[in-house]
Amino acid sequence: MSAPRGVWRIVAAREIAVKLRDRNFLISTLVTIAAIVASLVISTLVTGRTDTIEVAVVGADTEQVLRTADTLADRADKNVDFAARPVADIAEAEQQVRDEEVDVGLVPSDSGWRLIGKSAEDDNAATYLGAAAQQIALQRNAEASGTSLEQLGRGGGVTYELLDESAVDPALARIVAFVFALLFYMASVLFGMSIAQSVIEEKQNRIVEILASAIPLRQLLIGKVAGNTAMAFAQLTLFVGAGLVGLAATGRADQVGRIGGAAGWFIVFFVVGFLALAGMWAVAGSLATRGEDLNSTATPLSILIMIVLFAGIFLTGTGRVIASYVPVVSIVAMPSRLADGTAVWWEPLVALTLMAVTAYGIVVVAEKIYRRSLMQTQGRLTIRQALAIQD
């Protein structure tokens with residue numbers, strides 16, 4: 001009597017149970033979640049920290065320049081404060097800059113003011129102290145001419161209007177693309193290696209012969225792929241959820257809505273793509289007979305995963321548009337384009353369809369190689385040798 005076709009569910013349940021009993025897996029998952037939340041909190045603290053610039057000043061008027069610079073920085077929502085350190089003369093100001101007791105020096109000159117730095121320009125000091133000095137000079141010149149600063153600036157106001165207020169900040173989009181690529185790499189290697197090593201252990205211990213007599217090898221492969229894909233999906237969902245919760249908890253709730261959709265697409269793309277990757281990892285394990293063989297049989301797959309990782313991090317422009325339609329690479333490239341708003345609504349549907357068709361084809365071929373090579377224990381096989389074996 002043949003085994004029921006649904007026996008793969010038992011195999012999948014076993015794969016999930018093994019993972020859930022693995023302390024290293026559980027601890028690494030919790031540590032990663034904590035690291036994601038901690039990195040967001042630290043990033044918020046760093047970006048929200050006020051940068052205090054110590055300024056050695058000479059003369060009473062310089063403190064007015066610093067107060068005006070503080071006001072201008074506040075209007076620009078820039079976390080910059082200027083602290084005045086009065087000194088006796090220009091020479092002392094220069095010496096304090098050399099000794100790094102202050103960040104910059106501000107002293108009067110024939111043309112207005114002189115900003116002193118040691119070896120590199122401070123952009124915030126140059127921007128806001130320069131703007132403050134110009135504003136004070138304009139105000140004084142306007143009063144001397146019998147007018148006001150407001151009258152001189154009439155008609156020169158500029159307002160900035162965004163046509164797409166829902167667009168993601170470019171810097172955030174780059175971070176999201178990097179995170180997608182890193183999560184893809186981590187999940188693909190972690191769960192893929194788990195599949196391959198499980199297959200090798202079953203071959204080495206002759207357990208596969210017992211399994212083959214009880215259930216079809218096709219059902220065994222489906223169970224392994226389904227179980228590890230389910231765990232990869234669960235872990236990835238936890239990681240993405242932790243990231244979104246972390247964004248909301250650190251006062252960036254507006255960004256959650258902007259990247260949440262892209263994150264959802266990333267999970268969908270990953271699950272579909274991992275079905276193909278899982279099949280290939282199972283093949284890498286079935287071609288090997290010892291753990292040492294896996295370094296060779298899994299090399300092409302490892303190269304593919306590295307290509308996807310680097311493509312997700314470094315590709316831009318037309319290259320990334322093309323990559324977003326290339327199966328497997330699209331797992332990272334298309335969600336990254338959705339994150340930065342360069343993909344329209346129908347593009348992920350097309351890319352996902354291509355990914356699904358490719359995944360189906362890979363799984364069909366992988367199942368044939370897996371089934372023909374799994375019972376071969378005399379030595380490491382190549383894909384060509386495995387395909388030449390008769391069922």
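This is a predicted model: local features need pLDDT of at least 70, side-chain atom pairs count only at pLDDT 80 or more; totals for chains, interfaces and linings use all residues.
Valine 328 belongs to the loop between helix H13 (317-323) and helix H14 (330-340), and its phi is near 80 degrees, a positive value in a residue other than glycine.

Glutamate 100 also has a positive phi, of about 60 degrees, although it is not a glycine. Its place is in the loop between helix H4 (90-98) and strand E3, where glutamate 100 is exposed, with a relative accessible area of 58%.

Strand E3 (residues 104-109) runs antiparallel to strand E4 (residues 112-116), and five bridges join the two.

## Helix H1 and its two faces

Helix H1 covers residues 8-20, and at 1.5 Å a residue its 13 residues should span 18 Å, which agrees with the 18 Å that separates its end C-alpha atoms.

The buried residues of H1 are Val11, Ala12, Glu15 and Lys19; seen down the helix axis, these buried residues fall within an arc of 100 degrees, so they line one face of H1. An α-helix has 3.6 residues a turn, so residues three or four places apart point the same way. On the face of H1 turned away from the buried side are the exposed residues Arg9 and Ile10.

Note on methods:
Residues are numbered from 1 along each chain as its sequence is written. Side-chain values use heavy atoms; hydrogens and water are left out. Helices (H or I, at least four residues) and strands (E, at least two) are DSSP runs, numbered from the N terminus. The expected span of a helix is 1.5 Å times one less than its number of residues. Buried means under 20% relative accessible area, exposed over 50%, partly exposed in between (1.4 Å probe, protein chains only). The arc is that of the directions from the helix axis to the C-beta atoms. Two strands pair if DSSP finds at least two bridges between them.
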